[in-house]
Amino acid sequence: MTVRRLRTSFPAILIAVAFLAAGCRATPPSSETVPVLVSPAPSPGFPSAEKTVVPAAPSDEAADNEIARVIAISVDGLNPRAIQKLGRSRTPAIHRLMREGAYTLNARTIREQTRTLPNHTAMFTGRRVEGQRGGHGYTENVDNGTTIHQAAGHYVASVFDVVHDNGGSTAMFAAKIKFNLYKRTWNAHGGPDRAGRNDGRANIDRFTIDVNNTRLVAKLTAELRRSPREFTFVHLSLPDRAGHAHGFMRKEYLDAVEQTDRLLGRILDTVADRPGLHRHTLVLLTTDHGGDGATHYAADKLKNYRIPFMAWGPGIPAGRDLYALNPTFRSPGTSRTNYRGKQPIRNADLANVVTDALDLPRVPGSEFNSPRSLNLFR
Ligand SMILES: [Zn+2]
């Protein structure tokens with residue numbers, strides 16, 4: 001089943017479904033700041049390079065799943081110990097994902113770094129960091145005004161490219177201004193569409209930044225009710241923000257995880273309340289890094305590199321450990337791991353989990369889960 005066919009088959013009547021419970025509860029907490037809507041940044045003079053998009057082909061592992069849409073959520077700085085410490089009573093949405101979906105609390109970041117932009121770039125591209133070894137090359141944790149292509153020295157395709165070029169619609173909702181790096185990279189400097197109909201060079205159809213997480217999720221759930229995309233990426237920032245201000249795993253940090261869980265609950269409720277969404281939507285949850293003490297920058301610390309990875313949706317077995325489902329991956333214990341031999345489940349597997357679930361070609365140049373061997377389904 002192709003993405004385009006699924007999109008046109010989605011009942012337009014959903015447009016008529018007005019403001020439901022999830023949106024009504026979207027009351028911004030006083031601790032959050034005013035909305036920031038960011039306009040496109042000026043383009044740096046990077047010559048747009050060619051990209052190669054493999055023509056659509058029958059998928060590898062997940063060809064007959066029911067998934068037509070993916071919502072991938074990254075909760076910035078989500079230490080799995082916080083999930084265990086808060087328990088089901090204070091993180092009911094995350095525990096719903098664990099109870100009804102497949103998950104591990106022992107996934108890994110990319111090895112080289114436990115910072116936000118290098119890890120999110122890995123999630124989008126399926127690449128490690130180090131450019132000399134096929135990585136995406138973006139080592140900074142600030143938006144330096146350039147592009148990922150410039151960091152790598154060549155065009156770096158993303159999961160957004162693959163979904164978009166094959167006729168799907170894409171969105172990113174992010175809670176940090178520096179995510180403008182991705183708008184510049186895959187919209188202003190997106191490569192030409194070489195698969196099927198020409199869908200243009202802007203690969204992220206809707207790009208929204210709002211540092212107010214509550215309002216960001218309200219915008220997201222409004223869109224999910226009105227016109228859900230084939231691929232939606234969501235970045236939430238409260239735990240990271242509280243961790244830097246007060247210390248990771250401190251009270252304020254745990255409160256931020258609890259607050260974020262309520263936002264996750266709104267997203268899950270929005271999906272679960274609509275049969276057209278619920279029957280065909282895969283929800284993924286992971287993070288860019290953990291954190292403990294004052295920061296999360298040391299890439300050799302367990303508290304920073306150990307992260308959750310969760311999948312929830314039709315066909316996903318309830319309550320299953322992802323390592324038990326995936327003997328070709330190795331649960332890493334407490335080790336940091338490298339890139340040789342059997343791999344742990346990583347946040348960077350995300351790009352090709354998405355392409356696999358949507359029956360699309362792998363992300364060109366990707367390394368992680370490139371064979372699409374990570375199986376989420378029964
Ligand atoms: Zn941080």
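I count two strands as paired if DSSP finds at least two bridges between them. Helices (H or I, at least four residues) and strands (E, at least two) are DSSP runs, numbered from the N terminus.

I note that this is a predicted model, in which local features need pLDDT of at least 70 and side-chain atom pairs count only at pLDDT 80 or more, while totals for chains, interfaces and linings use all residues. I number residues from 1 along each chain as its sequence is written.

Entry on β3. I looked up the pairing of β3 with strand β4 (residues 206–209) and found four bridges in the parallel sense. Met172 has Phe207 as its bridge partner in β4, and Phe173 stands opposite Thr208. Between β3 and β4 the chain passes through helix α8 (residues 180–188), and this β-α-β crossover is right-handed. I take right-handed to mean that, with the strands pointing away from the viewer, the path from the first strand over the helix to the second runs clockwise. Strand β5 (residues 231–236) also runs parallel to β3, joined by four bridges, and there Thr170 stands opposite Phe231.

I then checked burial, calling a residue buried if 20 or more other C-beta atoms lie within 10 Å of its own, exposed if 12 or fewer, and partly exposed in between, with C-beta atoms placed from the backbone. Strand β3 (residues 170–174) is largely enclosed by the rest of the structure, because five of its five residues are buried. Thr170, Met172 and Ala174 point one way, and Ala171 and Phe173 the other way.

Entry on α10. In helix α10 (residues 238–246) I found Leu238, Pro239, Asp240, Arg241, Ala242 and Gly243 buried. Their cover includes β1 (69–75), α9 (213–226), β5 and α11 (251–272).

Entry on the core. I define a nonpolar core as a set of buried Ala, Val, Leu, Ile, Met, Phe, Trp, Tyr and Cys residues joined through C-beta atoms within 7 Å. The largest has 94 residues, and Val70, Ile73, Leu284 and Val354 have the most contacts inside it. Helix α11 gives the largest share of this core, nine residues. I listed the contacts of Val70 (C-beta atoms, placed from the backbone, within 7 Å). Neighbours within four places in sequence aside, Val70 touches Phe231, Leu282, Leu284, Val354, Ala357 and Leu358.

Terms used:
Contact = placed C-beta atoms within 7 Å.
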